[in-house]
Amino acid sequence: MTTLRIIGGHLVDPAAGVDAPKDLLIEDGRVTQVAEPGALPALNHAETIDATGCHVLPGLIDTHAHLREPGQEHKETVAGAGRQAAMGGITHLFSMPNTDPVCDSVAVCEHITTLAARAGTVRVLPVGALTRNMENKVLSEMGELARSGVPALADAWTPIESSQMFRRALEYAKGVGLPVITVPQDLGLSADGVMHEGAVSTRLGLPGIPAASEEISVSRAIALAELTGCPLHVAPITTAGSVRMVRNARNRGVTVSAGTAPHYLHLTDEAVEGYPTACKVYPPLRPRADVEALRAALADGTVSVLSSCHAPHADYEKAVEFNQAPFGMAALSTALSLTLALVKEGVLPLSDAVTRWTAGPRQVFDLSCGTLAVGAVADFTLVDLAADWQVTHDAVGGRTHGTPWLHQTLSGRVIRTALGGTTVYPHPTDASTYKGAA
Amino acid sequence: MSPSATPTGSTPETTTPRFGKHLLSLRDLSADTITALLNTADGFLEIGTRTVKKVPALRGKTVVNLFFEPSTRTRTSFELAAKRLSADVLNITVAASSVVKGETLTDTARTIEAMNTDTVVIRHAAAGAPQLLAETLNSHVINAGDGAHEHPTQGLLDLFTIRRAKGRIEGLNVVIVGDITHSRVARSGLIGLTKLGAHVRLVAPPTMIPSGIEKLSEGPGDVTVGYDLDAALKGADVIMPLRLQLERQGAPLFPGKREYATLYGINRERMAAAAEGAIVMHPGPINRGVEIAHDVADSDQSTILSQVTHGVAVRMAVLYHYSAGQGAAA
């Protein structure tokens, strides 16, 4: 029996309603005591982590990441993503189903979880495709997928254009008890657009994607959630109009929730000036007014879930003309620090910020993780809010065009990430990256 | 986020011209720098009328015309400009996009630069391609048109033509009519004209006016946007119809060329509303009877052919400043 004590830290566990200095006892990978500071017995056989000066958080749940494996290992791998996730305090990754082959069967799901178990750095929960091969013609075997433990079904990147097909998918998903994640996009309006349509796209001469492309899709999603009663998670949303519609729908009791990613809360479409392909993302970066509306929605809970929207590509794929570069940035290692930056700016309190990564997704997707209450699996992260770190190539999978924050200094440094009480970051075999205080 | 260096806003009156290493956008140039380029072009214009049309200014320099889009006018203009300055010129036309070809833009450019080139003139369908090249290469990079972004040398030659015809830019009323959304000529023109103090009137159906175009104005000039050509033509000193891309006909942008000519075609009756001595410009090639009527195109008011002549002088000035080294001719 292995025993671990974490003492001297400040525990923020919104699901358990805790935001106070606490010591934790972990036995055999589970939390067995949450005690007042200094109240844990001194155990000779226990390893002790001194978390003085650090915040102890349940491991972050990232409900939107593209791990690219199987099929596009030149972009990313499960192991590589797991490593970046652990650096960013993330312990659970929802992998989007647009792999090759598509994650529309138990076999592919199990392949991905096997890869994750082998890597051992993060728990991966494969999200199933809504339709077979994501072709939007035939429903996937949702019942089988549900039994194999997928947390949700998604349409990521290939929106179901037929509202009737989407409706049937939602109805069927509801029957097997799975929530649905939809990335809002009206393909007709987004067309050949590569950034937000507005003064900046006009100045840069780049084809634009109007906010209405997202908003029409959000509007349809809300209407169909209302029609079917299927729990529908719309993410990422990025515009003031989407925020208004989601807020209104939630107030009326529609089974809809919304998420977004930290980069949408920091960057505006002005970031595309100079054509940096790291800033080519879908949905596109929006103007200041949308960012402000999104921040307000994050603060008031209209946006109840944050995710990384990690959508990495190989450097050579991004080192091209802006309109030829694929959409997406590498975002796992920076997501937590960018969230904490919002706390620093006074957008929302720390406990709410942690909620968006733990209790929020826990509730939306009915998960058992995202808490460090007694009995919970000890997936946790230690963060030193006052410490800075520099975003290195290593933090974004060795990419130069992976993130707009490369070489920049962010605050909120992850000191340690653990799965079931076992440290996975700093990586056990890579002591050189570990110079933390813990 | 720190966007790349993009000097914007008006420049104090008495700055020395700052050309920078590359010519990517007229946004990067101050009014004084633009004026300095036009002054240099004034001097070069005469060379084209000599018996021996050549000066040794760029002897020993290598200029590469790297064209990823079909172009006759702009490429030959650059080629002639470089040759009249005694540079060695290499023309490379890449028919297929880099994606089809299997080699990336930066790889193509690096390959060419490995032959020790001094200046790369690039035309590309993708906005921002010249910027990507500038970040990759040691050579000077000159934008010869990138997607719907900019066409700075066209903008300069238009300014040059207006200045020679009207004696000034400041205070003139300039109408630009046509598909502004897809036009790099309109963007560079708008930026240059407003920097030098013109009043620009953009006219097109709303489907051809991009969101926030008026924000491209850098002052001291200004921009207004309208849908009614006849209203815009009142008192206009310069009228600049854009080439209608007929392949867009029937797409949601406009019903067809017949209606377009009715609403937005420049013809003799319409020109009556313009100011005394107004000129009509066109970047070419023209669609006779569509955006410009036959009789207007061939009238004394038309500057279409002198624009071509001026284009060579302006590109000589540009190559001179962006090949010989910064400030060489300031």
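Predicted model: local features only at pLDDT ≥ 70, side-chain atom pairs only at ≥ 80, totals over all residues.
Local features were considered at pLDDT of at least 70 and side-chain atom pairs only at pLDDT 80 or more, whereas totals for chains, interfaces and linings use all residues; side-chain values rest on heavy atoms, with hydrogens and water left out. Residues are numbered from 1 along each chain as its sequence is written, and chains are lettered from A, with ligands numbered from 1, in the order in which they are written.

Helices (H or I, at least four residues) and strands (E, at least two) are DSSP runs numbered from the N terminus, and two strands are taken to pair if DSSP finds at least two bridges between them. In chain A, an open sheet of 6 strands has the order β11-β12-β13-β16-β17-β18, with parallel pairing. Strands β11 (128-129) and β18 (305-306) of chain A stand at the edges with a single partner strand each, so one side of each is left without a neighbour in the sheet. Within this sheet order, β13 (residues 180-182) and β16 (residues 232-234) of chain A are joined in the parallel sense by 3 bridges, and A:T182 stands opposite A:V234 in β16(A).

Antiparallel pairing is found around strand β4 (residues 23-27) of chain A, which pairs with β1 (residues 3-7) of chain A over 4 bridges and with β5 (residues 30-35) of chain A over 5 bridges. A:L25 is the bridge partner of A:R5 and also of A:Q33 in β5(A). Of the 5 residues of β4(A), 4 are buried, so this strand is largely enclosed by the rest of the structure; buried denotes under 20% relative accessible area, exposed over 50% and partly exposed in between (1.4 Å probe, protein chains only). The hairpin of β4(A) and β5(A) has 2 residues between the strands, and A:D28 takes a positive phi near 50 degrees there. Helix α13 (residues 350-357) of chain A is mostly covered, with 6 of its 8 residues buried: A:L350, A:A353, A:V354, A:T355, A:R356 and A:W357.

In chain B, 5 strands form an open sheet with parallel pairing in the order β7-β6-β5-β8-β9. The edge strands are β7 (222-226) and β9 (279-280) of chain B; each has a single partner strand, so one side of each is left without a neighbour in the sheet. Strand β6 (residues 199-203) of chain B runs parallel to β7(B) and is joined to β7(B) by 5 bridges, with B:V203 opposite B:G226.

Helix α5 (residues 129-136) of chain B is mostly covered, 6 of its 8 residues being buried. These residues, B:A129, B:P130, B:Q131, B:L132, B:L133 and B:A134, pack against β1 (62-67), α4 (105-113), β3 (119-124) and β4 (140-146) of chain B, contact meaning heavy atoms within 4.5 Å.

The axes of α2 (residues 73-84) and α12 (residues 304-323) of chain B come within 8 Å and cross at roughly 55 degrees. This makes α2(B) oblique to α12(B); angles under 35 degrees count as roughly parallel, over 145 as roughly antiparallel, 65 to 115 as roughly perpendicular and the rest as oblique. Axes are lines fitted to C-alpha atoms, for helices over the stretch in contact, and angles run from 0 to 180 degrees between N-to-C directions. Among the residues of α2(B) that meet α12(B) are B:F78 and B:L80, and the α12(B) residues include B:V312 and B:M316.
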